[in-house]
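Me: Hi! I've got a structure open and would like to talk it through with you. Could you start with the pocket, please?

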Amino acid sequence: MNHTEYMKLAIKLAESAWGMTSPNPLVGAVIVTDGQIVGRGYHHRAGEPHAEVNALRDAGTSAAGADIYVTLEPCSTHGRTPPCTEAIIQSGIKRVFIGSTDPNPAHAGKGAQILKKAGIEVFCGIEKELCDRLNEAFFKWITLKKPFVILKMAMTLDGKIATADGESKWITGPEARARVQQLRKWADAIMVGGETVRRDCPSLTVRDEPEWLRQPERIIASRTFSPEELQEYFPEGNKPQIISASSPAEWNNILLQLGEKQITALLIEGGGELAAEVLRAGIVDQIEFHIAPKILGGRDSRTVVGGKSPMSLAETLQLSRVKVETAGPDIIISGYLK
C-alpha cells in the first residue's frame with residue numbers, strides 16, 4: 001500500500017461514525033510500521049477520544065518509530081479531550097501524514113508546527129480533496145458559524161415533484177430513499193415547507209434505524225403554519241421550529257441562529273416553493289436531485305423549483321463539481337452552487 005491507500009483507509013474509518021460526531025468533525029487514523037498496519041482508530045462521537053488517540057491505543061508500543069495517517073490535522077489545544085499532538089509526540093511516532101489542515105483560523109497549521117518542533121516529519125495534503133469533502137459541513141460552520149446546506153429534491157424526468165392535487169409518494173425507488181436516510185443521519189436539522197408537511201405528513205426523522213441516537217432537529221419554513229398544526233402533524237417527539245424569511249438577509253440570519261445552536265449541517269427537502277426561495281436567497285451550498293425515469297406531464301403538476309418566473313437565462317444558477325450517480329433505477333445529480 002502507498003500513502004494514498006493508507007489515507008483512503010483512514011477516510012473509510014472516519015466514515016464509520018457518519019452522523020455521530022457533530023459538532024466535531026469526522027476523523028480517521030491509521031498507524032503503519034514497515035508496511036504493516038499496526039493501529040486503526042476513528043473519532044466515535046463528540047466528547048470522546050479523538051481518532052489519533054484511539055489508533056495509538058490500538059497500536060500500543062508498536063507506535064514507536066511508526067507513521068500515522070490522519071484525515072485532519074491533529075488538534076493542538078485542550079478541549080473536552082487533551083491535544084492529540086501531545087499524544088503523538090509521547091508515542092514515538094516519527095512521521096505524520098495529514099489530509100486536511102485545521103480550518104479554524106485560530107488553529108490552522110499549529111498542530112503541524114508543534115509536531116515539527118518535536119522532530120517529527122510532517123507531510124500535508126495527502127488526498128486533501130477527499131478529506132476536505134468528508135468534513136465540508138464542519139469546515140463551513142467552524143469558519144463562518146453557519147451550517148452547510150444541502151437541497152435535496154426528488155422528481156420525475158420532466159421535473160415534477162407531485163401531481164396537481166399533491167400526490168407524490170413515491171416518485172423515486174427504495175434505493176434512492178435509502179440514500180435520503182443517509183443524508184438525514186448527516187444532518188443536524190431538516191427543513192421542509194409547510195405545504196410539504198400538510199401534503200406528505202413527513203416524519204423528518206431517521207427511519208431506517210429506529211434507535212438512532214441523533215435525530216435531527218425539525219424545521220418548518222412557513223408564514224401560515226400554526227402551533228395547532230404542530231400538534232396535529234407532530235404529536236410525538238420534539239416539536240419542530242417554525243421559521244419564515246422573506247429576504248436573503250433574513251435567511252442568512254436564520255443560518256447564523258442555527259449555527260449558534262451547533263447545527264453544522266442542514267438538509268432541505270422541499271417543496272418547490274421553498275426550493276425556489278432558498279436558491280434565490282443564495283443559502284444553498286450543494287444540491288442533490290433524485291430523478292426517477294418517469295414522465296408525469298401536466299402543466300398543473302407541481303414543479304421541482306417554483307417561485308417567480310425568470311425573465312432571462314442570465315438568472316440561471318450554475319453548478320460546479322457536478323456528479324452523476326445511480327441508485328437503483330433512479331439518477332442522482334449533485335453539484336455545488338457557484
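**Pocket, sheet and salt bridges**

Reply: Happy to. The lining of the largest pocket draws at least two residues from each of these elements: helix H5 (128-134), helix H6 (136-144), H7, strand S12 (286-292), strand S14 (319-327) and strand S15 (330-337). Keep in mind that this is a predicted model.

Me: Thanks. How many residues line the largest pocket, and which lie nearest its centre?

Reply: The lining has 23 residues, and those nearest the centre are Trp 18, Arg 133, Glu 136, Arg 179 and Lys 323.

Me: And how much space lies in the largest pocket?

Reply: About 760 Å³.

Me: How many salt bridges does the structure hold?

Reply: There are 15 salt bridges. One of them pairs Lys 185 with Asp 208, with 3.5 Å between the closest N and O atoms. Lys 185 sits in helix H7 (residues 174-186), while Asp 208 is in the loop between helix H8 (194-200) and strand S9 (217-221), so this pair links distant parts of the chain, 23 residues apart.

Me: Is Lys 185 buried or exposed?

Reply: Lys 185 counts as buried, at 5% relative accessibility.

Me: OK, new topic: the open sheet. What is the strand order?

Reply: The order is S2-S1-S3-S4-S5, five strands with mixed pairing. Strand S2 (36-42) and strand S5 (121-124) stand at the edges; each has a single partner strand, so one side of each has no neighbour in the sheet. From one strand to the next, the twist averages 15°.

Me: Which strands pair in which sense?

Reply: Let's go along the sheet. S1 and S2 are antiparallel, with six bridges, and Val 30 stands opposite Arg 40 in S2. S1 is also antiparallel to S3, over four bridges; there, Ala 29 has Val 70 in S3 as its bridge partner. Strand S3 (residues 67-72) and strand S4 (residues 95-100) run parallel and are joined by five bridges. Within that pairing, Leu 72 has Ser 100 in S4 as its bridge partner.

Me: What holds strands of a sheet together, in general?

Reply: Backbone hydrogen bonds, in either the parallel or the antiparallel arrangement.

Me: Which helix packs on the sheet?

Reply: Helix H2 (residues 51-59) does, touching strand S1 (28-33), S2 and S3. The direction of H2 makes about 140° with that of S2.

Me: Is S1 largely enclosed or open?

Reply: S1 is largely enclosed by the rest of the structure, because five of its six residues are buried.

Me: What about the hairpin of S1 and S2: how many residues are between the strands?

Reply: Two residues are between the strands, and Asp 34 in this hairpin takes a positive phi near 50°.

Me: Back to S3 and S4. Which residue forms a salt bridge with Asp 67?

Reply: That's Arg 95, with the closest N and O atoms 2.8 Å apart. This pair links distant parts of the chain, with Asp 67 in strand S3 and Arg 95 in strand S4, 28 residues apart. Asp 67 is buried, at a relative accessible area of 11%, whereas Arg 95 counts as partly exposed at 28% relative accessibility.

Me: And what does Arg 45 form a salt bridge with?

Reply: Its partner is Glu 48, and their closest N and O atoms are 3.4 Å apart. Arg 45 is partly exposed, with a relative accessible area of 31%. Glu 48 is partly exposed too, at 30%.

Me: Last one: where is Ile 295 found?

Reply: Ile 295 is in the loop between S12 and strand S13 (302-303). It is exposed, with a relative accessible area of 69%.

Me: Which residues does Ile 295 touch, leaving out those up to four places away in sequence?

Reply: Ile 295 touches Leu 157 and Asp 158. The C-alpha atoms of Ile 295 and Thr 156 are separated by 5.7 Å, although these two residues are 139 residues apart along the chain.

Terms used. Residues are numbered from 1 along each chain as its sequence is written. This is a predicted model: local features need pLDDT of at least 70, side-chain atom pairs count only at pLDDT 80 or more; totals for chains, interfaces and linings use all residues. Side-chain values use heavy atoms; hydrogens and water are left out. Two strands pair if DSSP finds at least two bridges between them. Axes are lines fitted to C-alpha atoms, for helices over the stretch in contact, and angles run from 0 to 180 degrees between N-to-C directions. Contact means heavy atoms within 4.5 Å. A salt bridge is a side-chain nitrogen of Lys or Arg within 4 Å of a carboxyl oxygen of Asp or Glu. Buried means under 20% relative accessible area, exposed over 50%, partly exposed in between (1.4 Å probe, protein chains only). On a 1 Å grid over the protein atoms alone, a cavity is a set of points where a 1.4 Å probe fits but cannot get out, and a pocket is an open set with protein on both sides within 12 Å along at least five of seven lines; lining residues have an atom within 4 Å of a point. Grid points are joined across faces, edges and corners, and a volume is the space filled by probe spheres set on the points.
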